[in-house]
Number of protein chains: 2
Amino acid sequence: MAGNVVTAAVFAIGSELLEGSIVDTNSAWIGSHLVKHGINVEDTRLIPDNMDRMAELFVEAAEKYDLIITTGGLGPTFDDLTAEVVSRVSGRDYTLNEEQLEHIRKRLLKFGIQLKENHYHQAKLPDGCKTFFNRMGTAFGFSVPCGNSRIISMPGIPFEMKPMFEEQVLPWLHELFPLRERFIRDLRIAGKPESEVDDVIRELGIPEGIECIINVGKGDILVKVRGFDEAAVHRFAEAVRKPFENNFIGYGDETFPVRLVRMLKEKGY
Amino acid sequence: MAGNVVTAAVFAIGSELLEGSIVDTNSAWIGSHLVKHGINVEDTRLIPDNMDRMAELFVEAAEKYDLIITTGGLGPTFDDLTAEVVSRVSGRDYTLNEEQLEHIRKRLLKFGIQLKENHYHQAKLPDGCKTFFNRMGTAFGFSVPCGNSRIISMPGIPFEMKPMFEEQVLPWLHELFPLRERFIRDLRIAGKPESEVDDVIRELGIPEGIECIINVGKGDILVKVRGFDEAAVHRFAEAVRKPFENNFIGYGDETFPVRLVRMLKEKGY
């Protein structure tokens with residue numbers, strides 16, 4: 001842990017992601033949850049379906065981070081390699097998980113599909129892993145220790161991954177680590193150049209324990225202020241906001257159109 | 001180059017990406033173009049705004065890949081570090097680029113903004129770099145050799161990056177490397193389990209020189225077949241398609257709703 005903060009790598013697995021036939025939205029979604037729960041995301045990568053390459057990157061990350069969270073590569077097809085590679089790098093056998101097999105059998109039955117060789121492949125998991133039930137699909141999530149790190153693998157399909165993460169993985173992370181909530185205050189400023197916002201922040205100086213970044217979007221500037229001390233976060237955010245009183249749009253997701261609609265509603269339109 | 005194929009790393013720069021306040025769509029967009037133009041994307045990562053970390057990852061990638069393509073971190077604010085880190089890792093001075101400064105001055109003038117210290121920061125680029133004009137925004141793209149590799153840095157705002165890539169970077173890549181077009185045939189199959197499609201592909205065997213991956217989306221299965229030999233790509237794609245005649249939805253982006261609309265139109269509805 002870096003200065004008592006739990007560190008994580010987030011890996012989205014699938015050659016199709018590097019080749020851009022699908023945009024990886026899982027990593028951003030997971031990243032935003034980890035940061036809010038006090039975990040630092042230090043490395044986010046898209047990883048091709050290649051056993052040796054995957055193994056190399058897992059081993060490298062296990063040396064550096066407390067957690068490796070992966071999505072994808074848990075299906076029944078030949079290019080789904082995550083469970084096998086996690087078994088290999090964690091030094092565990094890659095064995096048939098009866099509970100996972102039974103779950104697959106039941107789901108297939110619903111669609112009138114027979115259990116086949118490739119489903120036995122999908123039912124193989126790292127020996128003795130902790131599993132996460134998939135109530136939205138076939139593939140279980142699972143976790144094993146790997147050196148001083150811990151690998152957590154989830155399916156890549158977002159509507160299967162998200163409830164699994166929220167209902168099972170996140171509560172479990174809170175059991176594993178003494179996580180502290182990170183307070184985040186986003187300020188949205190419009191009609192001012194980025195450089196003026198930068199000036200104000202440089203002038204103020206970012207206090208110890210506070211992190212701050214500036215994003216430029218469609219006409220807006222988003223200043224993200226965060227830290228573990230709620231009062232300090234609010235204090236710094238207010239200090240940044242003050243010089244832009246007339247250009248301050250809102251907090252967080254409150255974009256100009258959203259604010260406009262709210263203002264019009266308040267005025268009875 | 002790996003077996004005469006140009007290899008690339010794609011880096012999206014910005015702490016906000018790892019923390020999921022923005023989804024990185026640039027890398028997928030760039031990746032899909034590179035693959036089509038015969039360049040292999042071997043490493044896609046999101047990189048935080050941290051000078052030492054960035055330098056470490058650039059140096060590592062420069063040893064492995066022919067190309068490093070980056071987006072983001074070219075603005076005027078304190079957390080925009082790309083030009084400085086590229087200067088550092090390529091062993092070049094980080095100097096004021098008069099042409100970039102003049103472009104910034106002209107754009108600011110339009111909005112009635114005065115040139116300030118942080119704009120001089122933004123106008124600093126690796127000494128003697130090749131620049132790419134930004135007709136949609138302020139920050140130039142640029143490129144320098146770095147060891148046996150070549151770094152190409154572009155702005156992170158998609159509507160600035162995309163025309164720069166298409167109009168300037170891509171033609172230049174064709175000058176630099178003897179690129180060959182890669183042929184891609186995507187088959188969309190619905191109403192069949194993933195495992196059956198997998199069976200057919202395993203049975204056929206993927207021929208030398210052909211790459212094939214299976215993606216599972218919303219009810220559809222997408223089989224991606226690609227390679228440099230157009231006839232061979234089509235031959236294999238047809239062999240995969242044939243057993244699924246009644247479940248074949250279309251090629252590429254032709255999803256079931258798209259196909260349905262087309263069929264209804266053909267029938268005069």
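Q: What makes a residue of chain A count as buried, and what percentage of chain A is buried?
A: In this predicted model, a residue is called buried when its relative accessible area is under 20%. Of the 269 residues in chain A, 57% are buried.

Q: Why is strand β3 of chain A said to be largely enclosed by the rest of the structure?
A: β3(A) covers residues 67–71, and five of its five residues are buried, so the strand is largely enclosed. A:Leu67, A:Ile69 and A:Thr71 point one way, while A:Ile68 and A:Thr70 point the other way, and all are buried.

Q: How do you know that β3(A) pairs with strand β1 of chain A?
A: Pairing needs at least two bridges between the strands. Five bridges join β1(A), residues 7–13, to β3(A), so the two strands pair. They run parallel, and A:Ala12 stands opposite A:Thr71.

Q: What makes β8 of chain A a partner of β3(A)?
A: The requirement is again at least two bridges. Five bridges join β3(A) to β8(A), residues 149–154, so this is a pair as well. The strands run parallel, and the bridge partner of A:Ile68 in β8(A) is A:Ile151.

Q: How do you know that a strand of chain A pairs with a strand of chain B?
A: Three bridges join β2(A), residues 40–47, to β2(B). At least two are needed, so these strands of chain A and chain B pair. They run antiparallel. Within this pairing, the bridge partner of A:Leu46 is B:Thr44.

Q: Why is the link between A:Glu56 and B:Lys64 called a salt bridge?
A: The closest N and O atoms of A:Glu56 and B:Lys64 are 3.9 Å apart. The limit for a Lys nitrogen and a Glu carboxyl oxygen is 4 Å, so the pair qualifies. Across the interface of chain B and chain A, the rule finds ten salt bridges. It also finds 26 residue pairs in polar contact there.

Q: Which element gives the largest share of the side of chain B that touches chain A?
A: The largest share comes from α8(B), with seven residues. By class, that side of chain B has 20 nonpolar, 14 polar and 21 charged residues.

Q: How many residues take part in the contact, and how much area is buried between the chains?
A: The contact takes 55 residues from chain B and 55 residues from chain A. About 4,300 Å² is buried between them, and carbon and sulfur atoms give 53% of this area. In chain B, the residues that lose the most area to chain A are B:Leu18, B:Glu19 and B:Phe78, together 15% of what that side buries.

Q: Why is A:Glu196 called partly exposed?
A: A:Glu196 has a relative accessible area of 28%. Buried means under 20% and exposed means over 50%. The value of 28% falls in between, so A:Glu196 is partly exposed. This residue lies in helix α8 of chain A, residues 194–204.

Q: What makes A:Glu196 and A:Lys192 a polar contact?
A: The side chains of A:Glu196 and A:Lys192 are joined at 3.4 Å.

Q: Which residues are in contact with A:Glu196, leaving aside its neighbours within four places in sequence?
A: They are A:Phe244 and B:Lys116. A:Glu196 and A:Phe244 are 48 residues apart in sequence, and their C-alpha atoms are 9.6 Å apart in space.

Note on methods:
Residues numbered from 1 in each chain as written. Chains lettered and ligands numbered in written order. Predicted model: local features only at pLDDT ≥ 70, side-chain atom pairs only at ≥ 80, totals over all residues. Heavy atoms only, no water. Contact = heavy atoms within 4.5 Å. Buried area = accessible area lost by both parts, 1.4 Å probe. Salt bridge = Lys/Arg side-chain N within 4 Å of Asp/Glu carboxyl O. Polar contact = N/O pair within 3.5 Å; in protein donor to acceptor, adjacent residues only side chain to side chain. Helix = DSSP H or I, 4+ residues; strand = E, 2+ residues; numbered from the N terminus. Nonpolar A, V, L, I, M, F, W, Y, C, P; charged D, E, K, R; others polar. Buried < 20%, exposed > 50% of the residue type's maximum accessible area, 1.4 Å probe, protein only.
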